Amino acid sequence: MSLFSLLGALEIGLVFSLVALGVLISFRLLRFPDLTVDGSFPLGGAVAATLISGGMDPFSATVAATAAGAVAGLITGWLNVRLRIMDLLASILMMIALYSVNLRIMGKPNVPLITDPTVFTILQPGWLSDYVARPLILVVVVVAVKLLLDWFLATQTGLAMRATGSNGRMARAQGVNTGGMVLAGMALSNALVGLAGALFAQTQGGADISMGIGTIVIGLAAVIVGESILPSRKLVLATLAVILGAIVYRFFIALALNSDFIGLQAQDLNLVTAVLVTIALVIPMMKRRLLGKKGA
Amino acid sequence: MLRAQDLTITFNAGTPIETRALRGLSLEIPSGQFVTVIGSNGAGKSTFLNAVSGDLPVDAGRIEIDGADVTREPVWRRAERVARVFQDPMAGTCEDLTIEENMALAQLRGARRGFGRAVKASMREGFRERLATLGLGLENRLTDRIGLLSGGQRQAVSLLMAALQPSRILLLDEHTAALDPRTADFVLRLTARIVAETKLTTMMVTHSMRQALDVGERTIMLHQGQVVLDVAGEQRRGMDVPDLLAMFERVRGEQLSDDALLLG
């Protein structure tokens, strides 16, 4: 594998580590199986790309994309909390609704960003080539998001949010407005996914209506891979783990697709993803069984 | 003070399995009184407790705590006035959170939660002191996940958590029922101590008539969703379990045949 494809894998891995952090909030902390992600990721991309190509500065466009993701998560949470639609179903409804919304926003199936400025072209120092600068900028963004998230989850509100997912009845008995916490958590989760979508569009030269397909699986894969390479109950380590998981996962994908002797091609990506997630899910179980046998 | 007026709750109304769990139940508990609640299965004990806590909405009636009408308030809003320990030791604490995080959560019951650090160094000292009074060595395990504790230990911590923040009403829903006899005894003594220290208005549901007479200062019995027996003071002091059973039979004018009542 060349340095070029290595850096490319790192770049995409970093973008998806933001998705993974979002998935960590919904699936793990709130225990809310949220498929909105498949819609809010392209939503972030669509909003950012459309605004940038319309002449807005890339930073404001990225903030707007993040806010759009938050609104999407808020609506999914609202469908579940207020209208009492089952969590998974609420998120699926939102996901397919967003497909139309994204087409409306872009006005066409894709919005290219070839010559337009992006946050990366603006921040990139002249002496660095873009394929080195992009991962570096993303590292800064991801680390900042991770630290902010760590801080938030350790606050009184963050603790209440974690309690909501862990034991809602207890949380309510302690005076936590659990419905409000689900709304806030879903908004936060999908804001991160929206941000990821916006950055993805800016690194890949545009937004595309189909860029969201499988996002949730990749996010989940990152969470699961992360948890198996760095198993920890400590949140500071858990957030680090899913970031590493997203990057490691991406490296495996790049490795699989770049190894000529396997004969895989780009269109096999989703199949490879499914196989990798299956392996990541099965390994911990196998490990337990083996260890259990040794212990007995 | 807790005042419940004509509480009515019907489950599955209008269907063949309609259950009239509370049928115009009224009860007044003065501030600081410790009341034990007994009754056979299906008498409405848990339903009544859930109505007071807000877990179950009432079909009719009114619930007042210290003069404030809380009938329509959701659980989390009522939590400012009502503390609760559940029957299931797993239900009252968050197993994924540490001991100190659980206690920090309870410390802010009824207060606004902002963006300050949830567990501050200054809180830890207080937590340690309180945990030390349990004599279980938990004061050295603040950062352990509470899921690692036994049921009895978790129930003891739940009780401490209920008393961390001043509230008006303490609800105990058969909180010793899931424990072994020795641990149950320990938790019961802890309950008596905490109620005495905090002077909380307390309602304790129990399956054991023995327990109902041994702790607290007043005992009420529920039957078919109503209060059928209410003893306190001198009359209660001289009572034993058979007396209670005899009184119940006299009040209802029927033979009591439910084994559940005789247990303990």
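## The E6–E7 pair in chain B

B:Val85 has B:Leu172 as its bridge partner in strand E7(B). E6(B) and E7(B) run parallel and are joined by 4 bridges. Strands pair here if DSSP finds at least two bridges between them. Helices (H or I, at least four residues) and strands (E, at least two) are DSSP runs, numbered from the N terminus.

This is a predicted model; local features need pLDDT of at least 70, side-chain atom pairs count only at pLDDT 80 or more, and totals for chains, interfaces and linings use all residues. Residues are numbered from 1 along each chain as its sequence is written, while chains are lettered from A and ligands numbered from 1 in the order in which they are written.

Which way do the residues of E6(B) point? B:Val82 and B:Arg84 point one way, and B:Ala83 and B:Val85 the other. All of them are buried. Buried means 20 or more other C-beta atoms within 10 Å of the residue's own; exposed means 12 or fewer, and partly exposed lies in between, with C-beta atoms placed from the backbone.

## The sheet

Chain B holds an open sheet of 6 strands, in the order E6-E7-E8-E3-E9-E10, with mixed pairing. Strand E6 (82–85) and strand E10 (226–232) of chain B stand at the edges. Each has a single partner strand, so one side of each is left without a neighbour in the sheet. From one strand to the next, the twist averages 20°.

Helix H5 (residues 151–162) of chain B packs on this sheet. H5(B) touches E6 and strand E7 (169–173) of chain B. The direction of H5(B) makes about 175° with that of E6(B). Axes are lines fitted to C-alpha atoms, for helices over the stretch in contact, and angles run from 0 to 180 degrees between N-to-C directions. Contact means that the C-beta atoms of two residues, placed from the backbone, lie within 7 Å.

B:Leu222 has its bridge partner in E10(B), namely B:Val227.

## Positive phi values

Most residues other than glycine have a negative phi. B:Gln224 has a positive phi of about 45° and is not a glycine. B:Gln224 sits in the loop between E9 and E10 of chain B. B:Gln224 is partly exposed, with 16 C-beta neighbours inside 10 Å.

B:Asp6 also has a positive phi, near 50°. B:Asp6 lies in strand E1 (residues 2–11) of chain B. With 13 other C-beta atoms within 10 Å, B:Asp6 is partly exposed.

## Where the chains touch

The contact takes 26 residues from chain B and 21 residues from chain A. On the side of chain B, the elements giving two or more residues are helix H2 (75–78) and helix H3 (99–107). H3(B) gives the most, with 4 residues.

What is the make-up of the chain B side? Its residues divide into 12 nonpolar, 5 polar and 9 charged. Ala, Val, Leu, Ile, Met, Phe, Trp, Tyr, Cys and Pro count as nonpolar, Asp, Glu, Lys and Arg as charged, and the others, Gly among them, as polar.

## Chain A

Chain A has 12 helices and 2 strands. Along the sequence, the pattern is α-α-α-α-β-α-α-α-α-α-β-α-α-α. Along its principal axes, the C-alpha trace of chain A spans about 55 × 50 × 35 Å. Of the 296 residues in chain A, 49% are buried.
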